[in-house]
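Colleague: I would like to learn how to read a model like this one, feature by feature. Please give the general idea first and then the case at hand.

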Amino acid sequence: MTVFKGFLLITKRNINMVFLYIAIFLTISVMTQKMLGQENIVSFKLQSLDIAVIDRDGGTLAKGLTDYLALYHNIKDIPDDKSILQDRLFYRDIYYIVTIPENFEEKCLRGTETLPVTKVPGSTSGYYVDQQINTFLNGVSVMTKGGYSLDDAVKKVMENAENTPDVTLIDKNGHGGDMPGHAFMFQYMPYILISILCYTLGYIMIEFNDPDVKRRMRCSAISDRALNLQLFLGYAVIGLALWVICTVMPMIVYGRDFLTDTQLPYYLLNSFVLATVALAISFFVGSFLKSAELISAVVNVLSLGMSFTCGVFVSMDVLGKGVLTVARFLPVYWYEISNNLIAENSVFSHAQAVRFWQNLGIQLLFAAALLGTALLLRKNRAQTEG
């Protein structure tokens, strides 16, 4: 087991780098969970803007529209002076100006004129107010055409607006519909596994790829088969140790919340298959690197490239269709699909379970393809050098 012992000895020399990446991984995942793992319902709260309503009509409909907008926004009392309004808009004291013209009912409710509005250039929040104004006018229009007087129509629309519906989110994943904190740690796991394994094992393989070391091994009684088996054993030990460390961290950070998750076995299985893929990638890369200077360049392209295109650093929801199409040809994509599936459901349906196992199979096929290609090229390279 000379090769295996040498493998572990070189690993010991790079142990500081391993713990450095683990610390980076833990920091990134916890910080991300704190920023994004809060209650998602915050994203659905109504947004209030500072707006101005210039009422040049003074009628029932105009007053009703002003009261309606006051339910949602902060209406500031500003004089009907164009220069003052422009200054307030420029300095963002207000973000939206509604000008209600004379004969508002005849022009905008019964007629075809559009209500004059002014928005902050380039701002999208004004469209939110546009929609509310249209909702109010359409509601009053429908009520008056149905036989209600203008006063009654405005009152009915205001009553409906003041009624707040009770919304209950479906708890599909056992965490109140939110993304559990430990899911973020598993989301970022591909970066740490690929980075650490490629760096650590890359330095080790450079030692074994040294021409003098190769000559000594060829002169020894170790066959190529035994050499590869001992290399695989070294890879397996290091990969398993790193996987255990990465899976223990969520237990330490999130404790009972993680240990009582009904999807815990799937988290562990999915991450274990990912570790196998990361080992195959590191073996493929380490088989051809001849200098330590190349490791950083190659590993950064692989780890960061797949992390940004496969949903590790950037959620798949915001990635473009073209990026996701390319990501399908990378193993990390299928890991992230499975991780999202686990995080969003406390119990798998039959179709979801089938999809999960298919994703695992695709990852293992990637690992087998990388491993087979690396062995074939190593054999051809050995025959050429020999």
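Colleague: Is Asp-67 buried, partly exposed or exposed?

Modeller: Keep in mind that this is a predicted model. The cut-offs are under 20% relative accessible area for buried and over 50% for exposed. Asp-67 has a relative accessible area of 34%, so it counts as partly exposed.

Colleague: With which residue does Asp-67 form a salt bridge?

Modeller: The general idea comes first. Side chains of opposite charge can pair when their charged atoms come close. Here the partner of Asp-67 is Lys-63, and the closest N and O atoms are 3.1 Å apart. Lys-63 is exposed, at 52% relative accessible area.

Colleague: How are Lys-63 and Asp-67 placed in helix α3?

Modeller: An α-helix has 3.6 residues a turn, so residues three or four places apart point the same way. Lys-63 and Asp-67 are four residues apart in α3, which means that about one helical turn separates them.

Colleague: How many salt bridges does the count come to?

Modeller: The count is three. Another of them joins Arg-56 to Asp-80, with 3.0 Å between the closest N and O atoms. This pair links distant parts of the chain, 24 residues apart: Arg-56 sits in the loop between β1 (50-55) and α3 (60-70), and Asp-80 in the loop between β2 (74-76) and α4 (82-90). Arg-56 is partly exposed at 44% relative accessibility, and Asp-80 is partly exposed at 45%.

Colleague: And which residue forms a salt bridge with Lys-119?

Modeller: That is Asp-130, where the closest N and O atoms are 2.5 Å apart. Asp-130 belongs to helix α6 (residues 126-145) and Lys-119 to strand β4 (residues 117-119), so the pair ties together parts eleven residues apart in sequence. Asp-130 is buried, with a relative accessible area of 17%, whereas Lys-119 is partly exposed at 26%.

Colleague: Next, strands. Which residues of β3 lie on one side and which on the other?

Modeller: In a regular strand the side chains alternate between the two faces of the sheet. In β3, Tyr-96, Val-98 and Ile-100 are on one side, with Ile-97 and Thr-99 on the other. Both faces are covered, and these residues are all buried. That makes five buried residues out of five in β3 (residues 96-100).

Colleague: In which sense does β3 pair with β1?

Modeller: The two pair in the parallel sense, over five bridges. Val-53 has Val-98 of β3 as its bridge partner. With β4, β3 runs antiparallel, and three bridges join the two strands. There Val-98 stands opposite Val-117.

Colleague: How does one read a helix such as α7, and which of its residues are buried?

Modeller: Begin with its length. Helix α7 (residues 150-162) has 13 residues, which at 1.5 Å a residue should span 18 Å; the end C-alpha atoms are 18 Å apart, so the two agree. The buried residues in α7 are Leu-150, Ala-153, Val-154, Val-157 and Met-158. Seen down the axis, the buried residues of α7 fall within an arc of 130°, so they line one face. Lys-155, Asn-160 and Glu-162 are exposed on the other side of α7. The cover over the buried residues of α7 includes α3, α5 (104-109) and α6.

Colleague: What is Leu-65 in contact with, leaving aside its neighbours within four places in sequence?

Modeller: Leu-65 is located in helix α3 and is buried, at 0% relative accessibility. Its contacts beyond those neighbours are Ile-100, Phe-104, Leu-115, Ile-133 and Phe-136.

Colleague: Where is Asn-339 found, and is Asn-339 buried or exposed?

Modeller: Asn-339 is in helix α16 (residues 331-344). It is buried, with a relative accessible area of 1%. Setting aside neighbours within four places in sequence, Asn-339 is in contact with Ala-183, Phe-186, Gln-187, Tyr-267 and Asn-270.

Colleague: To finish with the whole chain, how many helices and strands does it have?

Modeller: The chain has 17 helices and four strands. Of its 386 residues, 43% are buried. Among contacts between residues at least 6 apart in sequence, 76% join residues at least 24 apart. The chain exposes about 20900 Å², and carbon and sulfur atoms supply 59% of that area.

Notes
Residues are numbered from 1 along each chain as its sequence is written. This is a predicted model: local features need pLDDT of at least 70, side-chain atom pairs count only at pLDDT 80 or more; totals for chains, interfaces and linings use all residues. Side-chain values use heavy atoms; hydrogens and water are left out. A salt bridge is a side-chain nitrogen of Lys or Arg within 4 Å of a carboxyl oxygen of Asp or Glu. Buried means under 20% relative accessible area, exposed over 50%, partly exposed in between (1.4 Å probe, protein chains only). Contact means heavy atoms within 4.5 Å. Accessible areas come from the Shrake-Rupley method with a 1.4 Å probe; for residues, only the protein chains shown count as cover. The expected span of a helix is 1.5 Å times one less than its number of residues. The arc is that of the directions from the helix axis to the C-beta atoms. Two strands pair if DSSP finds at least two bridges between them.
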